[in-house]
Structure formats: structure tokens, C-alpha cells
Amino acid sequence: MSQLLAPRQADELHKAIIAYLTSAGFSSTATALQEELGLSTETFDDTIRKKYEGLLEKKWTSVVRLQRKILDLESKNAALQAELDSATPTSLSRHNQDPSKWLPKSPARHTLQSHRLPVTCVAFHPVFSSIASGSEDMTIKIWDWEMGELERTIKAHTKPVLDVDFGGPNGGTLLASCSSDTQIKLWDPAADYKNVRTLPGHDHSVSAVRFIPSGLPGAPLSGTLLASASRDQTIRIWDVTTGYCIRTLHGHSDWVRDVSPSFDGRWLLAAGNDKAPRLWDLNTGDSKVVFLGHEHVVECCVIAPPATYPYLAALAGLKKAPASTSSAEFVATGGRDKLIKIWDARGSLVRTLIGHDNWIRALVFHPGGRYLLSVSDDKTIRCWDLTQKCKCVKTLEDAHGHFVTSLRWAPSVYKEANMNGTNGHAKEGASAKGIEETMRCVLATGSVDLHVRIFAS
């Protein structure tokens, strides 16, 4: 009992038991228990005993009521989950909400306010309706994006938080954060966001952190490796299970500001102040491609997912799109030259997107594959249609009241569709086919105006 209850809780339970035994007429048993617990008549007199009379019965009946309530809620939850599971892209399209064509619109569903200084980064939990935001106020805040409520504040670093990302081993999601204090920290959402590990090693500000996905069937977003980019001109690869840096990538000649891993964990795109984004082979640690064309600092970069290949292949003049199993076939970069550039895997420029009036701060490809979204210091969100030669088809003017610093799309949810094997096990070779991907039409942005905004269908 001492392991389950705090000393104060155990003391109250003991007193409640003695009061119950006394009121039920078991005075000798109550006296024996009181003596064994060392409770003198001075510390536990009749006045105190009366205070605890009825407490045990009240607690007991409360537990029974709560058990009934839990069973009732579980039943309702199962019914609602079944209703959600039956919502297919076809049924959603009847409500003009085909996920593959959804784009954000004003006003935002929620404006989350609590940070005291500019918001620098945002990241979605891969499963739950939680989102993390980091700020120059040195804190990380965890929000419920569905309800628009603040859940907790983490006093994370001793200098501004520059980036956050969710990921980690399958079934053991972690939150990673990095800061100008040169530290990378890992937080456990399952343990009230306890700081479980600190990764020292960089010699200057750490600008970006990204978990490297394994691409494994059933849990493609899981993985034990983490990439970090720093002003010390290096990229480091960490094993989050041990805390060790297993590889350091050298090649950039200035501050590395952003990194983006491929869906299978084979490639890592990095960009920064040297104006020359690089594609790194994580198996060998070699820089395979350098993308030359930007005339100013490159603030952000992203590897295009396979869903974009049919559209980008047409833009690149290819007769056939690359296989969906192939990774890092196309990439996009954005910089202080106000330009977004799309490249192929050989380093050839496919298209330059012109439209923003200030620095490009973040990029994300629509999971449906048709669009590229961008945010900028011009306070806008722009949506570029890859099927219309990257024409800007939608602009959210004044998406924020100040520079928009960050942009993330909620990751898709993966779950087993059905099991056709025996004893609950999928048939051999059916693991990939037995996984359903559910696209979430949710977008988050952060800004110098101190706000996080949620755009959702």
C-alpha cells in the first residue's frame, strides 16, 4: 500500500477504516488497528473520528458510480469511433470536404494565446489531438487543437526554443526540442512530459530537430533516430534510445537552419545560410546532391512525398512518374530571396514559385499530393497547385498579425484495417495492405504575433 498511496493518503485511509469499524460496532478491532498504527487518543480523538465517519462508504459508492460511468463512456466512445471509421473520402466529399482537395480557409478554427514572446515552431502529436508550440519565451506549450485549450506549459530551455518535433519508437512517442542554449531535450508525453534525456554535443544554437521515420509498414512514422541542425555548421544524427550521437555530417559552410527526412529514413535534406541545400545519404553520411540557385539564406526545405510524384513528374517533363516506393525524387526549398524552388533528385531546377513579398519561412506538401503550402514574413499562407504549373490558387491574407514563422500539417493516422490471418495475426505479406491511412485536414501556424492558429475542416 505504501507504494501505491502517498503517506497522507494512507493516513487518511487508516483513519477512515477505524471510523468505519467504530461506527459499525467493531470497537475492539478498531482499537487494535489504532494501536498497531500508533495512533494515540490525543491525535485521533472522538472529534476527529466523527470527521472521518461515512468517508469510506462515500468513497466506495463513488468508485462504483465511476465504474458505471466509465463503462457507459466506453460504449459511447466505441459507437462514435465506428461512426468516424465509416467516414470515407467519398462520404466526406458529399459535404465538400474531400481530404485530397481541402485547403485552409479563414478564419482559423482556433487562435491559441499564451506565449509571451514570438512563437518559433509547432508540431503535431502523431496520434492524439495535441500540438506543441515553442517560443522565444523559452517555454513549450502543449495544446488540445480540437478544443483550442492549453493543456500544460513546459519550462523547457534557458534560451529561445527554436524547434520541436514528435516521433520516436513505435508505441513510445517522444517530443524533441532544441534551443539557442545548444541543448536538445527529449520529453515523454506519457509521463506528463517529463524530461527523459538531454543531448549535448552541438557547439552553437540548434535550429531544427526532426525524427527520422523508419517507413515500416504499420508504423511508418516511428523510428529511433533524430536529426538536428545547428549554427555550428553540422548536422548530427542521434539514437534517442541511448542518447548517443551516431553520426555527424560535415559539408555546409555556414549555419544549417532546417532539415527534412525522407519517408523511408534513407535521405535527409538540409539547408541554411550557405544558400546551397544538400541532400544527404544517411546510410553512408555522404552529400549526394547540392542544389544551387538561391541568392540568399535558405530558411526552409522539405522532401516531396510520393503522392506528389505524378504532378511533379509532369512539371519536370518526365514521361513516367517515379515509383511510389522511391524516396527523395523531388524537393522544395524557400529562402530570404522570397522564392520557392522545386528541384529534382539530380539537382536540376524544376520550377521557381514567385509570389511572396518577404522571406519564406516554412513549406509543407499537401498529403493529397496536389498542393504545396508556404508561409512567409508577409503574413500570408499561400497554396500552390502543382497541376496548374504551380500557380498560386489561394492566399490567406493576414493569416497572422505579424511574420508567420512556422507551418505544420497534422500527420496521417495509420491503423490496421482488418486481420485475415489466424489468432489475430495478419497473413504473411499482408502487413502493408492491412494498414489504412486516414488523412487529417488540420494545419497549424505560429507567428511573431505570439499566437498559434489552427486551420481545420
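This is a short tour of a predicted model, stop by stop. Local features here need pLDDT of at least 70 and side-chain atom pairs count only at pLDDT 80 or more, while totals for chains, interfaces and linings use all residues. Numbering starts from 1 along each chain as its sequence is written, and side-chain values use heavy atoms, with hydrogens and water left out.

**Stop 1: helix α1.** Select residues 7-23. Helices (H or I, at least four residues) and strands (E, at least two) are DSSP runs, numbered from the N terminus. Colour Ala10, Lys15, Ala16, Ile18, Ala19 and Leu21: they are buried (under 20% relative accessible area; exposed is over 50%, partly exposed in between, with a 1.4 Å probe and protein chains only). Just past α1, Gly25 has a positive phi of about 90°.

**Stop 2: Trp102 and Trp409.** Show both side chains; both are buried. Rings of Phe, Tyr and Trp (its six-membered ring) pair if their centres lie within 6.5 Å, with planes under 30 degrees apart counted as stacked, over 60 as edge-to-face and the rest as tilted. The count comes to 4 aromatic pairs. In this one the ring centres are 5.5 Å apart and the planes at 85°, so it is edge-to-face. Trp102 sits in the loop between α5 (89-93) and β1 (110-113) and Trp409 in strand β26 (residues 404-409), so the pair ties together parts 307 residues apart in sequence.

**Stop 3: an open sheet.** Now pick out the 4 strands in the order β10-β11-β12-β13, with antiparallel pairing (two strands pair if DSSP finds at least two bridges between them). The edges are β10 (206-212) and β13 (244-250), each pairing on one side only. Inside, 5 bridges join β11 (residues 225-230) to β12 (residues 234-239); look for Leu225 opposite Asp239 in β12.

**Stop 4: Arg361 and Asp377.** These two form a salt bridge, with the closest N and O atoms 2.9 Å apart (the rule is a side-chain nitrogen of Lys or Arg within 4 Å of a carboxyl oxygen of Asp or Glu). Arg361 is in strand β22 (residues 360-365) and Asp377 in the loop between β23 (371-376) and β24 (381-385), so the pair ties together parts 16 residues apart in sequence. Asp377 is buried at 5% relative accessibility, while Arg361 is partly exposed at 22%.

Methods:
The expected span of a helix is 1.5 Å times one less than its number of residues.
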